Every structure is written in structure tokens, then in C-alpha cells.
Amino acid sequence: MTWLKMLCSYCLLTLCLTWVLAKPPPDKKDRVHHGQDLSDHPHDDSQDFQYDHEAFLGKEEAKTFDQLTPEESKQRLGKIVDRIDRDGDGFVTQPELKDWIKHTQNRYIYDNVNKNWKDYDKDKDGRITWNEFKNATYGHYEGEEFGDIDDKDSYRKMLARDERRFKAANKDGDMVATREEFTAFLHPEAFDYMKDIVVTETIEDIDKNGDGFVEIDEYLGDIYSPETGEPEPEWVKTERQQFLDFRDINKDGKMDREEIGHWILPPDYDHAEVESKHLLFESDKDKDDKITKQEILDNWNMFVGSQATNYGDDLTKNHDEL
């Protein structure tokens, strides 16, 4: 091996070692709730509508529609439109379309709730009371303690935390959760009105001195436990700089509630907002900023058309006609 090859090999090895040392471990906590794209496909309507299909239907449901005939697709689409038009006025507005897209993208959350619903709705009345959840989760009834459990204090704190979150999810304050409210309870990060409770729980998890703020050592302590005598890894140094440069916006050495909210629930690019406006624009023939069921069915291929019909029929169409 020539000296040049040896030098190249050494540099490559050094680069790899640096990358390994700088890379966070796979079990590093990530408290940031990231927005997700609506599809893995490129959004290029001049090529196909697969992005629109997955955005409108969800990835798994889009696969199902790919196997349907055009007649079956249109029939199912008509039923979906009836569900999107929640106020029943015969029109689909951009907010209604956006809500539908968000619903389809969070279908895995709703599927999880549906799967476990019967474990909590003991009286089968289609709602879950706080007592039903508490009894099913903790086996804890009014006036009773936690039996023989060793760490009673931790369980009491967990119970109080769940009750507070249940109350926050329960919009009308009756402590009886609808399916939507119970979904917000189990997955608060997916609901805008639950943002405050997510911030509160994050502070409780990280704020060790109880002052209501997250200081840099508390921030790092949540993601890294140093071994005695080991040098600080590069990825920790990077996180430290991230805190100083971006997390602590007002540069007072700590994160307050607003800064924590900005960190864990960042104002991401709103994919559902953009896609709902795109679908409405492409289907709104009379340009009245709302679309009828017929306008959607006339543009069914963009919403639900299969790959076979989409590629076969529409590549030769002028997309201005849509």
C-alpha cells in the first residue's frame, strides 16, 4: 500500500470515528413532535397523482383504492365526501378538507384508540368516564390506596397527572370522554388544544429544581448521562450549542413555557393546509372557494384514481382542464 493510500485510509477511518462519536445514541430521547409529510412520493401532478391519493386517503387506504375499478372508486369517493361535509350544506370547504386530510394522516392513532376502546368503555355506552379509565388502569377506587404497591407515591403522581390530562382533553368539563376527547387524552401532541398540557408535562419531566424553567444542565441531563471520567461526546456539545443558539430564544440562560412549546411543538410547514388548498383549487370549477360533491367526483382521478388509470389516461391530458 502506498503512503497515499495509507493516508486516505487513515483520513477515512478518522472521519468515520468522528461521525460515530458525534452521532447521538439510538436511544436518545427526542421530545420534539415532528410534522410528517403526507406521502413518500414526489408531488408532481404532471407525472402522477400518487402524492394526492396518499394525502387524501392515507397510505394504506390508497393501496386499497389502487385495486378498484373507476366505478368503485367514484362510489367510495362519494361516501367519503358525505363524511367530509360535516355541516351537511352540500359543499366541502378548505377547512373541512384540511380536517379530513389530518384525520387520514392520523388514522394509526384512531386505529389504536379503537383497538383499546373496549378495555375502558366497560358499560358499552360509547363514552369513557374518568372513573372507568382510572379503575381499568390503576385498579384504584374512591377511598382506597394502592394496596401492596411499594412505590405508592409514584403511582399517586401518575394518577394525578392522568386526571389532569383527562380533564384537559374533556372540553365540556363533565369528565366523560367522547372518542375524540379520549384520543386527545392518549395522544395530546396531535391536538392543538392540548399543547399547554404537553408543555406542562415536559417541564415536570425535565425541571429538576422545580422552578418552572428548563436550564441547560436539565436539558442535557434529559438526554445524556455521562460516565465518570469520559469526555463529553461531540453530539452532546452540539446539543449544548443548539440550546444556546436556538432553544433559549431570549438568551436568559433557560427555557420558559413559550420557548419549550416552540421546541417540542415547532411551527412546522403545514402539509395538510397546503394540500387542502391545492385539491380545492384544482377542483373548484366556478371559483367560489368551495367544492360540491359533483366537482369532486368530476376530478375523482386526482383524489382517488388508481395508478393504472392515472398513468394510462391522464398523462395525455392537459392538466389545465382539471
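Analyst: Angles of 65 to 115 degrees between axes count as roughly perpendicular. The model discussed here is predicted.

User: At what angle do helix α10 and helix α13 pack?

Analyst: Two packed helices are described by the angle between their axes and the distance between the axes. Helix α10 covers residues 195-206 and helix α13 covers residues 257-264, with the axes 10 Å apart. The two helices are roughly perpendicular to each other, and the angle at which they pack is about 100°.

User: Are the rings of W117 and F182 stacked or edge-to-face?

Analyst: A pair of aromatic rings is described by the distance of the centres and the angle of the planes. The search of the whole structure finds 16 aromatic pairs. In the pair of W117 and F182, the ring centres are 5.8 Å apart and the planes are at 90°. Planes over 60 degrees apart count as edge-to-face, so the pair of W117 and F182 is edge-to-face.

User: How many residues apart are W117 and F182?

Analyst: W117 belongs to helix α6 (residues 107-120), and F182 belongs to helix α9 (residues 179-186). The pair links distant parts of the chain, its two members being 65 residues apart.

User: Is W117 buried or exposed?

Analyst: Under 20% relative accessible area, a residue counts as buried. F182, at 1% relative accessibility, is buried. W117 has 6% relative accessibility, so W117 counts as buried.

User: Which residues form one aromatic cluster?

Analyst: W117 and F182, with ring centres 5.8 Å apart, both belong to the cluster.

User: How far from the centre of the ring of W117 is the charged end of R179?

Analyst: Elsewhere, K171 lies over the face of Y193, at 4.5 Å from the ring centre. For R179, the charged end sits over the ring of W117, and its distance from the centre is 4.2 Å.

User: Where does K251 lie?

Analyst: K251 is not a glycine, yet has a positive phi of about 60°. At 48% relative accessibility, K251 counts as partly exposed. Its place is the loop between α12 (234-247) and β5 (254-255).

User: Is D289 buried or exposed?

Analyst: D289 is not a glycine either, and has a positive phi of about 65°. The residue is in the loop between α14 (271-283) and β6 (291-292). Over 50% relative accessible area counts as exposed, and D289 has 60% relative accessibility, so D289 is exposed.

User: Leaving aside neighbours within four places in sequence, which residues is L220 in contact with?

Analyst: L220 is found in helix α11 (residues 216-221) and is buried, with a relative accessible area of 6%. The C-alpha atoms of L220 and K237 are separated by 9.5 Å, and these residues are 17 apart along the chain. With the neighbours within four places left aside, L220 is in contact with V236, E239 and R240.

User: What percentage of the residues in the chain is buried?

Analyst: The secondary structure of the chain comes to 17 helices and 6 strands. Among contacts with a separation of 6 or more, residues 24 or more positions apart account for 58%. Of the 322 residues in the chain, the buried ones make up 39%.

Definitions and conventions. Residues numbered from 1 in each chain as written. Predicted model: local features only at pLDDT ≥ 70, side-chain atom pairs only at ≥ 80, totals over all residues. Heavy atoms only, no water. Axes fitted to C-alpha atoms, helices over the stretch in contact; angles between N-to-C directions. Helix = DSSP H or I, 4+ residues; strand = E, 2+ residues; numbered from the N terminus. Parallel < 35°, antiparallel > 145°, perpendicular 65-115°, else oblique. Phe/Tyr/Trp six-rings, centres within 6.5 Å; stacked < 30°, edge-to-face > 60°. Buried < 20%, exposed > 50% of the residue type's maximum accessible area, 1.4 Å probe, protein only. Lys NZ or Arg CZ within 6 Å of the ring centre and 35° of its normal. Contact = heavy atoms within 4.5 Å.
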